[in-house]
Structures are given as C-alpha cells and as structure tokens.
Amino acid sequence: MTNELVTGEVFGEDKEGPRAFLLAEAGKPFAALRPALDAAYSRLLAALRGVSEAQASFKPGGEDEDAYSIGQIVRHVARVQAWIESRMRATAQGNDPERFVSEIGREEKPLAGSTHDLEETYRLLNAAADEIAGREDVAKTAPHPFFGELNCRGWYRLAGLHAEDHARQVERIKAIPEYPKE
C-alpha cells in the first residue's frame, strides 16, 4: 500500500490520480493486492470498535456521503463490497456484469447487524479473489461511474481504497466535538 492518500482526504477530490493508481494495481495478482484490502478493512473495523448505537446514529451534517452517520457508512460499505464482488466475478469470467440487485445494506439495522453484513461481504470478496486467481480474464473490464473501466483486479483493489476512505470518514466523525460521548 502507498503511504499517500490515493483518493485524497475526501473521496472525489481527484479522479485521475486514483484511476492511474487502480490501473497500475490491476496488473498485480490478487495475492499482492490482498494486504492492502486487509489493512483497510482492519482500519475500518478498528474505527468501529466501541461505537454505541447512539454514536452510530449521529449525523455529522454535510452533503451526500459526507452526511452519513457511522451506521449508514457501514451499510454503504457492505453494499458496495457486494457490488464489487459481483463485478469481479463477472469480469474475471469474461462477462458483462448484470444489474446489481441485493438487499445488503438496504435495511436499517443495529450496528452489530450491519457490521455482520460488512464482515460477510469482506469474506465474499476474498473468497471470490481466491476462486478466480490465476484463471481471471484481465482484459475484460466493467465501468465504474467515477474511475472508468476496471478489470477484476482493479475492482478488488478499489474495495480497499473504498474501505480506507470510509475508515478515515468514521475517524473524522468521531473527532467532531458534538459526537456523542456514549
């Protein structure tokens, strides 16, 4: 993993830098990409440790994803990880991804339930990488709405960047003076 914030302090500040990074990373095998995903996921789980339901519901203000509560962030990351896993599998097999339909992350539930979904989608991401490693079609791509065409490895690496961005977001929320103490 790089020591720099690949996507900037806030997602969307830069598009070309992260795109170039993802394209370069997409040339590496899954085994070389996994440590970055594991580190990002660990950082996100560490940021969630000890968060109460009241804290998980706290809304920081802002717009779009910046306004998400910690609970919404967890549901969002779980949902996106499921979406990435489906795109990884399709492109690895040389197919176009189907329209993504999943209930993961749609239902508002207690933080423990959303964290369980997050853990499950993380497990599924790694299971997909393990299953397709060495047999993947790296020429087949699918579009990301912000970063453009990515192959299955690029999608896998994106999962780590996404988790890292949202781990930083949780940390920023917890540093807001109005954030509930319990």
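Visitor: Hi! Where is the place of Leu-22?

Guide: Leu-22 sits in helix 1. Helices here are DSSP runs (H or I, at least four residues), numbered from the N terminus. Before we go on, this is a predicted model, where local features need pLDDT of at least 70 and side-chain atom pairs count only at pLDDT 80 or more, while totals for chains, interfaces and linings use all residues. Residues are numbered from 1 along each chain as its sequence is written, and side-chain values use heavy atoms, with hydrogens and water left out.

Visitor: Thanks! Is Leu-22 buried or exposed?

Guide: Leu-22 counts as buried, because its relative accessibility is 0%. Buried means under 20% relative accessible area, exposed means over 50%, and partly exposed is in between (1.4 Å probe, protein chains only).

Visitor: And which residues is Leu-22 in contact with?

Guide: Leaving aside neighbours within four places in sequence, Leu-22 is in contact with Phe-147, Leu-150, Gly-154, Arg-157, Leu-158 and Leu-161. Contact means heavy atoms within 4.5 Å. Also, the C-alpha atoms of Leu-22 and Gly-148 are separated by 10 Å, though these residues are 126 apart along the chain.

Visitor: What should its 23 residues span?

Guide: Helix 4 covers residues 70–92 and should span 33 Å at 1.5 Å a residue; its end C-alpha atoms are 32 Å apart, which agrees. The expected span is 1.5 Å times one less than the number of residues. Following helix 4 comes Gly-94, with a positive phi near 80°.

Visitor: How do the axes of helix 4 and helix 6 cross?

Guide: They cross at roughly 175° and come within 9 Å, with helix 6 being residues 152–174. That makes helix 4 roughly antiparallel to helix 6. Axes are lines fitted to C-alpha atoms, for helices over the stretch in contact, and angles run from 0 to 180 degrees between N-to-C directions. Angles over 145 degrees count as roughly antiparallel, under 35 as roughly parallel, 65 to 115 as roughly perpendicular and the rest as oblique.

Visitor: Which residues make that contact?

Guide: Helix 4 brings residues including Ile-70, Ile-84 and Met-88, and helix 6 brings residues including Trp-155, Val-170 and Ile-173. The contact residues divide into 15 nonpolar, five polar and two charged. Here Ala, Val, Leu, Ile, Met, Phe, Trp, Tyr, Cys and Pro count as nonpolar, Asp, Glu, Lys and Arg as charged, and the others, Gly among them, as polar.

Visitor: You mentioned Trp-155. Which residues does it touch?

Guide: Not counting residues up to four places away in sequence, Trp-155 touches Trp-83, Ile-84, Arg-87, Met-88, Ala-142, Pro-143, His-144 and Leu-150. Trp-155 lies in helix 6 and is buried, with a relative accessible area of 0%.

Visitor: How many residues has the largest nonpolar core?

Guide: It has 44 residues, and those with the most contacts inside it are Ile-70, Ile-84, Met-88, Leu-118 and Trp-155. Helix 4 gives the largest share, 11 residues. A nonpolar core is a set of buried Ala, Val, Leu, Ile, Met, Phe, Trp, Tyr and Cys residues joined through side-chain atoms within 4.5 Å.

Visitor: Last one: is Asp-64 buried or exposed?

Guide: Asp-64 is exposed, with a relative accessible area of 67%. Asp-64 lies in the loop between helix 3 and helix 4, and its phi is positive, near 55°, in a residue other than glycine.

Conventions:
Helices (H or I, at least four residues) and strands (E, at least two) are DSSP runs, numbered from the N terminus.
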